Amino acid sequence: MKGILYLNQFFGQIGGEELADFKPEIREGLVGPAMALQQELGDEVQITHTIICGDNFIGSNTEEAVETIISMLKGKEMDVFFAGPAFRAGRYGAACGHICKAVKKEFDVPVLTSMNDENPGVEMFKKEMYIFKGGASAAAMKKDIKAMSKFALKLLKGEKLLPAAEEGYFGRGMRDQIWLDPPVTAADRVIDMLLKKINGEPFDTELPIPKSDRVAIAPSITPEDLSHMEVALITSGGIVPVGNPDRIQSASATKWGKYDISQTDDLVKGEYMTIHAGFDPAAANNDSDVIVPLDAMRRYQKEGKIGGVYKYFFSTVGTGTTQAEAARMGKEIARELKKDGIRAAILTST
Amino acid sequence: MANLIPVAKTVGVNRLVPTISIPYPLGDPATSKEEQFKLRYHRVGVALDAITTDIKEPQLFKVKI
């Protein structure tokens with residue numbers, strides 16, 4: 001059987017961050033980690049090609065990169081496709097996910113990758129492919145490759161597969177009916193669980209409920225209180241002072257900034273702009289109040305509806321940003337606001 | 001305040017006020033500066049009123065302009 005591996009520019013031995021714009025290339029044979037993968041797969045599967053692409057290239061030209069790689073793979077014999085391991089590298093993880101997803105769709109072969117649980121690629125893609133639970137850094141290379149290849153061989157040979165947790169990949173939310181060995185009826189199992197619970201012993205539910213990340217509804221604030229309170233402005237529309245002092249990324253942001261508006265009544269052209277790469281910036285560059293409505297807030301302040309506007313507005317970019325990153329940034333911003341006693345905010349998204 | 005209300009709902013926003021577009025949520029550049037401000041002032045006002053409104057479940061607040 002034949003397999004192909006995807007790597008980024010670093011593990012593909014092209015170079016580091018300065019070469020992250022490297023366009024996709026396909027090499028015959030084994031490059032970098034492909035050798036370890038081949039070793040683990042033994043004679044059963046031959047890795048015939050290695051694909052290499054820069055993390056930034058695929059990050060900012062995802063569609064083009066995916067199309068190029070798919071066209072490179074056309075006509076190649078392939079029974080299984082691997083990507084990574086990506087460890088904790090976020091852009092690499094997202095790249096592995098995008099490529100695996102496209103390969104699965106186009107060629108319908110098993111796709112496997114490996115990432116650390118902190119990698120945003122896990123949340124983005126775990127439902128759609130086998131993502132093995134990998135280490136935080138390349139120190140785990142051997143172990144991570146072993147986990148992927150062991151499972152790939154089982155899969156290709158049609159052996160009996162165990163639940164995700166036992167095989168070592170992130171659960172995909174799929175259910176499967178299995179026969180227990182030895183057979184124990186549901187009634188017996190539930191009583192066992194109940195007894196363990198009563199005795200304060202640990203037990204595993206057979207129906208894990210996915211954790212819901214809902215934020216509770218905040219209680220309302222009286223108009224009277226509001227008229228004495230500062231309200232904060234937050235945006236995912238990428239409004240920043242011209243020059244983008246915090247170098248917030250234009251897509252897949254991991255950073256947010258806060259900017260002093262205590263002496264400002266209007267976000268005028270030439271002083272503020274958007275760095276968001278997901279929409280035409282003309283309108284926002286011409287008048288950033290269309291995204292961060294400071295001028296309208298000042299009017300309400302003058303009229304006494306609000307006590308004031310919090311001295312900083314907060315900004316990041318929402319496009320391509322994972323929910324996990326967004327949640328982290330949201331928590332960090334909320335912490336800043338709470339520290340200064342701010343209880344209300346308006347968030348404008350684009 | 002969001003243009004893509006279904007997305008905002010999915011990610012769990014509780015008080016929602018619609019905006020008019022992605023690139024210019026609060027002011028259509030094809031209209032005059034005064035009209036843009038009027039729209040922005042109105043919708044921000046709806047958002048401020050939303051803060052003072054008790055809700056039991058996620059709610060989309062209605063705008064007039």
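Helix 4 (residues 90-107) of chain A lies across strand 1, strand 3, strand 4 and strand 5 of chain A, running at about 170 degrees to strand 5 of chain A. This is a predicted model, in which local features need pLDDT of at least 70, side-chain atom pairs count only at pLDDT 80 or more, and totals for chains, interfaces and linings use all residues. Residues are numbered from 1 along each chain as its sequence is written, while chains are lettered from A and ligands numbered from 1 in the order in which they are written.

Helices (H or I, at least four residues) and strands (E, at least two) are DSSP runs, numbered from the N terminus. Angles run from 0 to 180 degrees between N-to-C directions, with axes fitted to C-alpha atoms, for helices over the stretch in contact. Contact here means C-beta atoms, placed from the backbone, within 7 Å.

Now to helix 4 of chain A itself: 13 of its 18 residues are buried, so it is largely enclosed by the rest of the structure. Buried means 20 or more other C-beta atoms within 10 Å of a residue's own, exposed 12 or fewer, and partly exposed in between. After helix 4 of chain A comes A:Asp108, with a positive phi near 50 degrees.

And the sheet? Its 6 strands, all in chain A, form an open, mixed sheet in the order 2-3-1-4-5-6. Strands pair if DSSP finds at least two bridges between them.

Strand 4 and strand 5 of chain A run parallel, joined by 3 bridges; A:Phe82 has A:Leu112 as its bridge partner.

Note on methods
Two residues are in contact if their C-beta atoms, placed from the backbone, lie within 7 Å.
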